[in-house]
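Here is a short briefing on one structure.

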Amino acid sequence: MPAARETLEARARILRAVRGWFETQGFLEVETPARVRSPGQEVHLDAMPAGDGHWLITSPEYHMKRLVAAGLPRIVQIGKCWRANESGPHHRGEFTMVEWYRAGAPLTALADDCEALLRAAAVAAGRDPAALGLAAPFARTTVRELWARHAGIELGGDEDAGALRAKATAAGVAVGTATAWDDVFYQVFLDLIEPRLAAGGPTFVFDWPAPLAALARPKPSDPRVVERFELYAGGLELANAFGELTDAVEQRRRFEDESRIRAARGRQVYPIDEALLGALPDMPPTSGIALGFDRLVMLVLGARDIADVVAFGEEHDG
Amino acid sequence: MYDTSDIRKGLKIMIDGSPYTIVEFQFVKPGKGAAFTRTKMKNLLTGAVLERNLRSGDKLEPADVETKKMQYLYADADSYIFMDTTTYDQVNIPKATVGDSADYMPENINVDVLFFNARAVDVSLPNFIEQPVVEADPGHRGDTATGATKPVKISTGASINVPLFISVGDIIKIDTRSGQYIERVGRA
């Protein structure tokens, strides 16, 4: 059944407000290919096939970084992304992403953007930002702080997977068969930390451990963590931001690692994006972020299921 | 073995040596991590509810549990005797296993018996039973301070608090989960 008319009207107003906000900030709205040969490499993401060795993008980040490298300092894209085998109250196989880049800006500038955008979205939908807990400055914390506070675990970021597993077990977390660093990390995160985040107000979580670097650069003052934040609000994981890695050698090493892990786990291995690696040396220091637009609408409207805020939610299954 | 893709409501699995049934589940995928299934399950022996986040690909041991429709026949010194309504096999179940449920388990009632590793571990009554009152004190004035009720007995010997107008031979509906009187449904 299609979503309620009022929901679709509110969604359209939020979309217009987001576009308008980026325009006032001097961003150039771009459109990059949706059908590519090299979709996201991430170990836990699977792309949907699009014929002739092509895939639907899981994120527009590779092409957008090439545009930044080509000299566009402030760009935004609002478009569809697709991820196979993802279906739940906060996940759909097809969803809408808002992705933007600020060359020469620190990661905190993107956090400021998020605060302004969320308030603008609430106002556009006729909601009071204060009633949604969005009026005051959002909390800003770090992964280590959360682990110490909610799990009683001192998280280094440079401990090996076995040591992390021992810390998790000592904290009473049933880690099951998990042996990979990130699997142990997320077991603790889901069991002990995410429920506390969900119960609190909007929160930026900075300084992710190096094993969860993805496309982020190491933090100069502490290389055990990377320049990355996630924004949590209303029990939703709303946005993920990076101080973008521009070191092509390091980026190739990470891609090759990820390819090896994918192959070892029997997952599809995608070709490494050589065009991106070729462009990275020309990329200025840049901060980039992806924000789930459907989840933003959920937050503002108080929806419990992503299917309730898209026109044909039940047909978007991954 | 099951894995997380087999999870659905009612799936019976072993956790830490006890059988559980899945009550609720939800797909979650935090950050850039693996997919998990956030699962709420009920311990089939104790009824305790447990929440677990099961990582995609985790193996789950099936629980060897089976529910059989059985009829309660009679009691002996230390057990109750039930008959499988399909095979007519009879089984003795220790009184301790049935526990206080026996208060609302009149003879010939149909129940669900849960077997774990081929041993009866739990007897589930229907939520409501209808039973004649076998004993009531006609002169009982009731406890007017608590809404005018009086105790009566049903065939199992259980005492039920009922309104003052109920008398011997009335058939009353009782909630077996709380032991509460619901209504009078007729006369025997």
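**Chain B: burial and build**

In this predicted model, 23% of the 188 residues of chain B count as buried. The chain holds 1 helix and 16 strands. Its radius of gyration is 22 Å, well over the 16 Å that the globule rule gives for 188 residues, so chain B is more spread out than a compact globule.

**Extent and contacts of chain B**

- Along the principal axes, the C-alpha atoms of chain B fill a box of roughly 75 × 45 × 25 Å.
- Among contacts in chain B with a separation of 6 or more, 43% join residues 24 or more positions apart.

**Where chain B touches chain A**

- On the chain B side, 13 residues are in contact with 22 residues of chain A.
- Two elements of chain B give two or more residues each to this side: β3 (18–28) and β5 (49–55).
- Strand β3(B) supplies the largest share, 3 residues.
- By class, the chain B side has 5 nonpolar, 4 polar and 4 charged residues.

**A helix pair in chain A**

- Helix α1 (residues 5–24) and helix α9 (residues 293–301) of chain A pack at an angle of about 115°.
- Their axes lie 10 Å apart.
- The crossing of α1(A) and α9(A) is right-handed.
- From α1(A), the contact uses A:T7, A:A10, A:R11 and A:I14.
- From α9(A), the contact uses A:L296, A:V297, A:V300 and A:L301.
- This contact of α1(A) with α9(A) has 6 nonpolar residues, 1 polar and 1 charged.

Methods
Residues numbered from 1 in each chain as written. Chains lettered and ligands numbered in written order. Predicted model: local features only at pLDDT ≥ 70, side-chain atom pairs only at ≥ 80, totals over all residues. Axes fitted to C-alpha atoms, helices over the stretch in contact; angles between N-to-C directions. Helix = DSSP H or I, 4+ residues; strand = E, 2+ residues; numbered from the N terminus. Left-handed = near helix turned anticlockwise from the far one by under 90°. Contact = placed C-beta atoms within 7 Å. Nonpolar A, V, L, I, M, F, W, Y, C, P; charged D, E, K, R; others polar. Rg over C-alpha atoms; globule rule 2.2 N^0.38 Å. Buried ≥ 20, exposed ≤ 12 C-beta atoms within 10 Å, placed from the backbone.
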